[in-house]
Amino acid sequence: MSAEIETRLTELGIVLPQAVAPVAHYVPYVFSGSMLYISGQLPMESGKVAVVGHVGKDVDVETAQKAAELCAINILAQAKAALDGDLGRIRRLVKINGFVASVPDFVEQHLVINGASNLLANVLGEAGRHARAAVGMASLPFNAAVEIDAILEIA
């Protein structure tokens, strides 16, 4: 399956970056039994947060979806680092939690997090179908527009 995932990434024009190191007192991922918990990932690109501000004020839905895609790419980068480069060990993406920095009257967080859900399903295939939450937040670290964490079952 690892070759299939790498092929899908190539077909989608996605090059996974180096996994981002933590910037506070936490670890980027934790194994517990057959589960891999990946800490919240921001829309990092070229070493900086690529999309900042509040959705519904500074950021439109389409741009926020792109931010969610970047979060998903960084989730995959963390998974690859955790699994010694073998994404084929992913049995299933169990759940993602999507956090959207948004103005109080914004109610389309689910559309924003679709950016990540769609990308992960496209890359992981059937194993990428997952449960999720999409919630609005007053603010996120580094003024990021989106943050997403993930739980994966691994072989």
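1. The largest pocket has a volume of about 240 Å³. The structure is a predicted model, in which local features need pLDDT of at least 70 and side-chain atom pairs count only at pLDDT 80 or more, while totals for chains, interfaces and linings use all residues. Residues are numbered from 1 along each chain as its sequence is written, and side-chain values use heavy atoms, with hydrogens and water left out. A pocket is here an open set of points on a 1 Å grid over the protein atoms alone, where a 1.4 Å probe fits, with protein on both sides within 12 Å along at least five of seven lines, and its lining residues have an atom within 4 Å of a point. Grid points are joined across faces, edges and corners, and the volume is the space filled by probe spheres set on the points.

2. By class the lining has 10 nonpolar, 3 polar and 1 charged residues, where Ala, Val, Leu, Ile, Met, Phe, Trp, Tyr, Cys and Pro count as nonpolar, Asp, Glu, Lys and Arg as charged, and the others, Gly among them, as polar.

3. The second largest pocket has a volume of about 150 Å³, and its lining includes V15, P17, V20, M44, L70 and N74. Both β3 (44–45) and α2 (61–82) supply at least two residues of this lining, with α2 giving the most, 3 residues. Helices (H or I, at least four residues) and strands (E, at least two) are DSSP runs, numbered from the N terminus. The lining of the second largest pocket divides into 6 nonpolar, 4 polar and 1 charged residues.

4. Which residues touch the most other members of the largest nonpolar core? They are V146 and I148, in a core of 40 residues. At least two residues of this core come from each of α1 (2–11), β2 (35–41), α2, β5 (90–101), α3 (109–124) and β7 (146–154), and α2 gives the most, with 10 residues. A second, separate core of 6 residues includes L42, A101, L140 and A144. A nonpolar core is a set of buried Ala, Val, Leu, Ile, Met, Phe, Trp, Tyr and Cys residues joined through side-chain atoms within 4.5 Å; buried means under 20% relative accessible area, exposed over 50%, and partly exposed in between (1.4 Å probe, protein chains only).

5. Leaving aside neighbours within four places in sequence, I148 is in contact (heavy atoms within 4.5 Å) with residues including S39, G40, Q41, C71, I96 and I113. Q41, in strand β2, counts as buried because its relative accessibility is 6%. With residues up to four places away in sequence not counted, Q41 touches C71, N74, I75, Q78, V146, E147 and I148. A polar atom of the Q41 side chain lies 3.0 Å from the backbone oxygen of S39; a polar contact is a pair of N or O atoms within 3.5 Å, and within protein one must be able to donate a hydrogen and the other to accept it, with residues adjacent in sequence counted only if both atoms are side-chain atoms.

6. Q78 is placed in helix α2 and is buried, with a relative accessible area of 2%. A polar atom of the Q78 side chain lies 2.7 Å from the backbone oxygen of V20. N74 is found in helix α2 and counts as buried at 2% relative accessibility, and its side chain reaches the backbone oxygen of L42 at 3.2 Å. The C-alpha atoms of N74 and I148 are separated by 9.4 Å, although the two residues are 74 residues apart along the chain.

7. The loop between α2 and β5 holds D86, which is partly exposed at 31% relative accessibility. A polar atom of the D86 side chain lies 3.0 Å from the backbone nitrogen of G88.

8. Two backbone angles deserve a look. D84, in the loop between α2 and β5, has a positive phi near 50 degrees without being a glycine, and it counts as exposed at 73% relative accessibility. F142, in the loop between β6 (131–137) and β7, has a positive phi of about 60 degrees, although it is not a glycine, and counts as exposed at 55%.
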